[in-house]
Amino acid sequence: MIVGIIILALGLKKELGYGSPESYRPGTALSGAALYALYGGVVLFLLAQICFQLRVTRLLTRIIWPRLGAAGLLVGLVPIVRRMPALEVLAILTATCITLIIVEVVVADGQRRRLRETALLEPPEANRQQRAGPSTS
């Protein structure tokens, strides 16, 4: 996940360099490396999150599918946005990520609610030991 964030940061650095006052031209497209770093960094981050969740839970939950769909969508968008201006490329990436967040909030609502209810019902381990009293060995 960290490598994905670093690659995204490198892509943003390249993209923001295109937006500097000295070099700004409204129709300037991103270079291949900057475009692949932007989209590839987010895709790598999403895939790493999916792998982490699968490793921890060992279950295919509903929250994995929107991330996998967003990663596939971003990979599919790369050839389309290759010739677009840099700010449009960044706007499409941002819109895709915000849409993913909204979808995950809606999809994971039941999971979050069950987790909160379980956490509120179960007292922490320290409280359990205090309620049980001192142990006699």
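This is a predicted model: local features need pLDDT of at least 70, side-chain atom pairs count only at pLDDT 80 or more; totals for chains, interfaces and linings use all residues.
What joins the side chains of Gln53 and Arg67? A polar contact of 3.2 Å does.

The chain has six helices and zero strands. Read along the sequence, the pattern is α-α-α-α-α-α. There are 137 residues, and 27% of them count as buried. The accessible surface comes to about 9,400 Å². Carbon and sulfur atoms hold 68% of that surface. Now take the contacts between residues with a separation of 6 or more: 70% of them involve residues 24 or more positions apart.

Start with helix 3. This helix covers residues 64-81 and has 18 residues. From its first C-alpha to its last it reaches 25 Å. That is close to the 26 Å expected at 1.5 Å a residue. Its buried residues are Ile64, Pro66, Arg67, Ala70, Ala71, Leu74, Leu77, Val78 and Val81. Look at how those numbers are spaced, with one general point in mind. An α-helix has 3.6 residues a turn, so residues three or four places apart point the same way. The buried residues of helix 3 pack against helix 2 and helix 4. Each of those two neighbours deserves a look.

Take the helix 2 side. Helix 2 spans residues 32-57, and Gln53 lies in it. Is Gln53 buried or exposed? Its relative accessible area is 16%, and the cut-off for buried is under 20%, so Gln53 counts as buried. Leaving aside neighbours within four places in sequence, Gln53 is in contact with Arg58, Thr61, Ile63, Ile64 and Arg67. Two of these contacts, Ile64 and Arg67, are also on the list of buried residues in helix 3.

Ile64 is found in helix 3. Its relative accessible area is 2%, so this residue is buried. Ile64 and Ile50 are 14 residues apart along the chain, yet their C-alpha atoms are separated by 6.0 Å.

Helix 2 also holds Val56. Its setting is another matter. Val56 has 55% relative accessibility, so it counts as exposed. Together with Met1 and Phe52, Val56 forms a nonpolar patch on the surface. The three residues have about 300 Å² of accessible area together.

Now turn to the helix 4 side. Helix 4 covers residues 86-107, and Thr96 sits in it. Thr96 has a relative accessible area of 13%, so it is buried. Which residues does Thr96 touch, not counting those up to four places away in sequence? They are Leu73, Leu74 and Leu77. Leu74 and Leu77 are themselves among the buried residues of helix 3.

Arg67 comes back here. The structure holds one salt bridge. In it, the side chains of Glu104 and Arg67 meet at 2.6 Å, N to O. The pair links distant parts of the chain: Glu104 is in helix 4 and Arg67 is in helix 3, 37 residues apart. Both Glu104 and Arg67 are buried.

Definitions and conventions
Residues are numbered from 1 along each chain as its sequence is written. Side-chain values use heavy atoms; hydrogens and water are left out. Helices (H or I, at least four residues) and strands (E, at least two) are DSSP runs, numbered from the N terminus. Buried means under 20% relative accessible area, exposed over 50%, partly exposed in between (1.4 Å probe, protein chains only). Contact means heavy atoms within 4.5 Å. Patches are made of residues with over 30% relative accessible area and no salt bridge: like charges are joined within 9 Å, nonpolar side chains (Val, Leu, Ile, Met, Phe, Trp, Tyr) within 5 Å. Accessible areas come from the Shrake-Rupley method with a 1.4 Å probe; for residues, only the protein chains shown count as cover. A salt bridge is a side-chain nitrogen of Lys or Arg within 4 Å of a carboxyl oxygen of Asp or Glu. The expected span of a helix is 1.5 Å times one less than its number of residues. A polar contact is a pair of N or O atoms within 3.5 Å; within protein, one must be able to donate a hydrogen and the other to accept it, and residues adjacent in sequence count only if both atoms are side-chain atoms.
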